[in-house]
Amino acid sequence: MHTATAQRTATQPSALRATLECRPEAASHARHLTGTFLESLHPAPDQGAAEAVVLVVSELVTNAVRHSGGRFCSLRLSAQPDAIAIAVGDASRVPPQRRTPDVRGEGGGFGWAMICDMATATAVNEEPDGKTVNAIVARQGRARGRAAAPTPS
C-alpha cells in the first residue's frame with residue numbers, strides 16, 4: 001500500500017504539502033502531484049520551468065528514498081511570483097554532495113549537480129529529525145543556476 005497525503009493549505013492557495021512513504025514508487029507519485037500542482041497555477045510556469053521543477057522534485061524524492069533510511073519523506077511546493085520553491089525533508093542528517101558520476105550507470109552521482117544547475121538557489125537545513133533540502137526554480141525559462149567556479153589554469 002502506498003500512503004500519501006496532499007492538501008492545499010488555506011493560508012497559501014499556491015502551496016502543496018505531501019507526506020510520502022519512502023518506497024520506490026514515491027518519486028513517481030511526487031512527479032504526479034507536482035504536475036497537478038503546476039497545472040493549477042495561474043499564470044502557469046513555462047514548459048521549461050515546469051519540466052525543471054518536476055525533475056528537481058523527482059531527484060530529491062529519489063535521493064530521500066535511496067539514502068535517508070527513513071520510512072517517510074515530505075514534499076512541499078509553493079508558488080512565488082517569479083519562482084517555485086521546492087522542499088523535500090527526510091530522516092537523514094547527511095547533506096547531498098557533488099560526486100563523480102558513475103558513467104556505467106550503477107552508482108548515480110548525477111542528481112545533485114543537475115539540481116544545482118537547474119535551481120537558482122539551493123539550501124540544506126538541518127532539522128531535529130533529519131534535514132530539508134530546498135531548491136528554487138525560476139517560473140520562466142529553465143534557470144542555469146549559479147555561475148560555474150573558474151577552472152584552475
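A pocket is defined on a 1 Å grid over the protein atoms alone as an open set of points with protein on both sides within 12 Å along at least five of seven lines, its lining residues having an atom within 4 Å of a point. The volume is the space filled by probe spheres set on the points, which are joined across faces, edges and corners.

The structure is a predicted model, in which local features need pLDDT of at least 70 and side-chain atom pairs count only at pLDDT 80 or more, while totals for chains, interfaces and linings use all residues. Residues are numbered from 1 along each chain as its sequence is written, and side-chain values use heavy atoms, with hydrogens and water left out.

**View 1. The largest pocket and its lining.** The largest pocket holds about 510 Å³ of space. Its lining comprises 24 residues, and Asn 63, His 67, Pro 96, Gln 97 and Arg 99 are the ones nearest the centre. Two or more lining residues come from each of H2, strand S4 (83–90), helix H3 (111–118) and strand S6 (130–138). H2 supplies the largest share, seven residues. Helices (H or I, at least four residues) and strands (E, at least two) are DSSP runs, numbered from the N terminus.

View 2. Ser 68 is located in the loop between helix H2 (47–67) and strand S3 (72–79). Its relative accessible area is 11%, so Ser 68 is buried (buried means under 20% relative accessible area, exposed over 50%, with a 1.4 Å probe and protein chains only). A polar atom of the Ser 68 side chain lies 2.7 Å from the backbone oxygen of Ala 64, and a polar atom of that side chain lies 3.1 Å from the backbone nitrogen of Gly 70. Leaving aside residues up to four places away in sequence, Ser 68 touches Cys 22, Asn 63, Asp 90, Ala 91 and Ser 92; contact means heavy atoms within 4.5 Å.

View 3. H1 (residues 26–39) has 14 residues and spans 20 Å from first to last C-alpha, close to the 20 Å expected at 1.5 Å a residue, where the expected span is 1.5 Å times one less than the number of residues. Ala 26, Ala 27, Ala 30, Leu 33, Thr 34, Phe 37 and Leu 38 are buried in H1. These residues lie on the same side of H1 because they cover an arc of only 130° around the axis, taken from the directions from the helix axis to the C-beta atoms. His 32 and Glu 39, on the other side of H1, are exposed.

**View 4. The cis peptide bond at Pro 43.** His 42 and Pro 43 are joined by a cis peptide bond, with omega about 0°. Pro 43 belongs to the loop between H1 and H2.

Terms used: Polar contact = N/O pair within 3.5 Å; in protein donor to acceptor, adjacent residues only side chain to side chain. 1 Å grid on protein atoms, 1.4 Å probe; cavity = no way out; pocket = protein on both sides within 12 Å on 5 of 7 lines; lining within 4 Å.
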